[in-house]
Amino acid sequence: MRVKLLQGVGLRVGTCLIGGLVLMAVMALSPWVNDPTLIHVASKLQAPSFEHWLGTDHLGRDELGLVMRGAVASLGVAVAAVGIGAGIGVPLGLMAAAREGWLRQVIMRASDFIFAFPALVIAILLHDTLGAGMLNAMVAIGIFNIPVFARTAFGSAQPIWTLDFIRAARLSGKGTYRIAVVHVLPLILPAMIVQVTIQLGLGILAEAGLSYVGLGVTPPIPSWGRMLNEAQTLIAIAPRLALVPGIAIALAVFGFTLLGDALSLTIDPRRRERQP
Amino acid sequence: MAHLLARRIAGLLVTMAVASVLVFAMIQILPGDPAELMLGADARPDTLMVLRHEMGLDRPWLIQYTDWAGGLLQGDFGLSHTYHVPVISLILERLPVSLPLAIASLVLAMILGITSGIIAAARHGSWLDHAIRLKTQLVLALPNFWLAMLLVFVFAISWHWFPAGGFAGWNGGIGSARALVLPAIALALPQAAILSRVMRQALLETVEDPYVLAARSRGLSRAAALIAHALPNAFLPVLSVLGLQFSFLLAGTIIIENVFYLPGLGRLIFQAVNQRDLPVIMGSSMVLIASVMIVSFVVDLIAQTLDPRLRRRS
């Protein structure tokens, strides 16, 4: 009973946070909001006021507007990266589960290798090819997501292949890949949705990290990671500038974590029973 | 067992060989000519030719690879293009920063994560459990470089307890170690949160197992049964996570090294990429990959020693 309640709270808080994040991104792109990238050096480092709710940064840009615009970059990069990861990783994982033998070995070894390679090194190496920018961040985080999805898809698909109805499908003459798509994929979809939620949160963290070291979103596009980078030298004068983007990142990631947890409890009844 | 070990070691060597081919191939695919980068865009073509010849860049790929891989086997990683010193000495210079930092944060993460995980499982369902879970999720949502900035603001700028950044080497003894305290905490907290979750989950999964029920029916309290009987079994998943974390801490600290201006391995790679210092990129990538693989190899071995069932399955 108590757990149900908590689960409900987690789901609700998570949905609210993510809803707020999306709303912020949409509002930031609407034409009624002033462009936050305009520079007014004369009004730099102002404390919060009625005109600038969160004050201004070292170039006189409105902090609230920048944070709202930052949500666009964060969500955009995270969604694209998870799309790349799931789009390539899930089919690979499905294939590895369907086919025993060398194909499985190749897929799983390759994903081990990418996994062993530090994500940031991938980003730095790509940075030379693609140049800094949103695309670099999307591809680098996306590549890192491929083995994650391949592994989870493989892990949840493999036990399904021993079930009776799969054998029945085989007996009725369906081919391996057709069974994988028609019968196995729907069963692993819930687990994949949970993974997508978790990876979206991690994607936002990763985007912030890349932009912070200058490998992600480039100026003048506002990004939480870069705002933190710029705030670092000013932390003694205006700690507010370091707090606001950090809290935005934390709330967004926290929202996705809560949502992922609540979803996985709803989807997997076994875990629900274990949680009393 | 000996046969199994030999097979595993052979597997490890093959993976390393494949990794070296992949690292080499990846570097070749990258655009940009290191010789051109050294001399600038308006260098004369003949000077460029000479330099390329000197650096050995005009040789066929296969020769370049066998030369490099052969050197690796003998501990010769080649010469850095920018510093004109052996790559291996550059790496060895950075290890006294990266290695203690990785070990210190791992130990800190273990202490915090494992104890809070055990407490949460032993007091399962209580307010303490919920508080620990909420704290874990919150910490996991924080970017570690932001955590680092906040630590610097509070403990270095406001209170002057620790230096805000930089590392002057180990000559200062305890004083030098102070420079690593804040980075170690910033790195350890998220890892501790992960460990705490894994530890709690692994313990809770044993609660219904017959041997834990038997211990309880003999009159042991829930906490006593978990700690005395379930803990050794629940340690396996924690161990495999620990292995992953150590590799991550050794390699993935580039951002934290940037926050604190620490001359570690991460910064070495970062700078090498910017300067197109190919031997350094390849050498340090290989060191990182090798450490990841060796750690996971050792973790697997320990797991197999602890759990006979794993031995039989493989």
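Student: Where is A:Ala42 in chain A?
Tutor: In this predicted model, A:Ala42 lies in the loop between α1 (2–29) and α2 of chain A. Helices here are DSSP runs (H or I, at least four residues; strands are E, at least two), numbered from the N terminus.

Student: Is A:Ala42 buried or exposed?
Tutor: A:Ala42 is exposed, with 7 other C-beta atoms within 10 Å.

Student: How are the residues and chains labelled, and what counts in a predicted model?
Tutor: Residues are numbered from 1 along each chain as its sequence is written, while chains are lettered from A and ligands numbered from 1 in the order in which they are written. The model is predicted, and local features need pLDDT of at least 70, side-chain atom pairs count only at pLDDT 80 or more, and totals for chains, interfaces and linings use all residues.

Student: OK, what pLDDT does chain A average?
Tutor: The average is 82, and 90% of the residues of chain A score at least 70. pLDDT is the predictor's confidence in each residue, from 0 to 100.

Student: Which element of chain A has the lowest mean pLDDT?
Tutor: Helix α10 (residues 269–274) of chain A, at 52, whereas helix α2 (residues 63–98) of chain A has the highest, 90. Where pLDDT is low, the predicted coordinates should not be read in detail.

Student: How many helices and strands does chain A have?
Tutor: Chain A has ten helices and zero strands. Of its 276 residues, 47% count as buried.

Student: Now chain B. At what angle do α5 and α6 pack?
Tutor: Helix α5 (residues 87–122) of chain B and helix α6 (residues 127–141) of chain B pack at about 140°, with their axes 8 Å apart. The axes are lines fitted to C-alpha atoms, for helices over the stretch in contact, and angles run from 0 to 180 degrees between N-to-C directions.

Student: So what do we call α5(B) and α6(B)?
Tutor: They are oblique to each other; angles under 35 degrees count as roughly parallel, over 145 as roughly antiparallel, 65 to 115 as roughly perpendicular and the rest as oblique.

Student: Which residues make that contact?
Tutor: B:Ser116, B:Ile119 and B:Ala120 come from α5(B), and B:Leu128, B:Asp129, B:Ile132 and B:Arg133 from α6(B). They divide into four nonpolar, one polar and two charged.

Student: What about phi at B:His84?
Tutor: B:His84 has a positive phi of about 55° and is not a glycine. Most residues other than glycine have a negative phi. B:His84 sits in the loop between α4 (61–73) and α5 of chain B, and is exposed, with 7 other C-beta atoms within 10 Å.

Conventions
Contact = placed C-beta atoms within 7 Å. Nonpolar A, V, L, I, M, F, W, Y, C, P; charged D, E, K, R; others polar. Buried ≥ 20, exposed ≤ 12 C-beta atoms within 10 Å, placed from the backbone.
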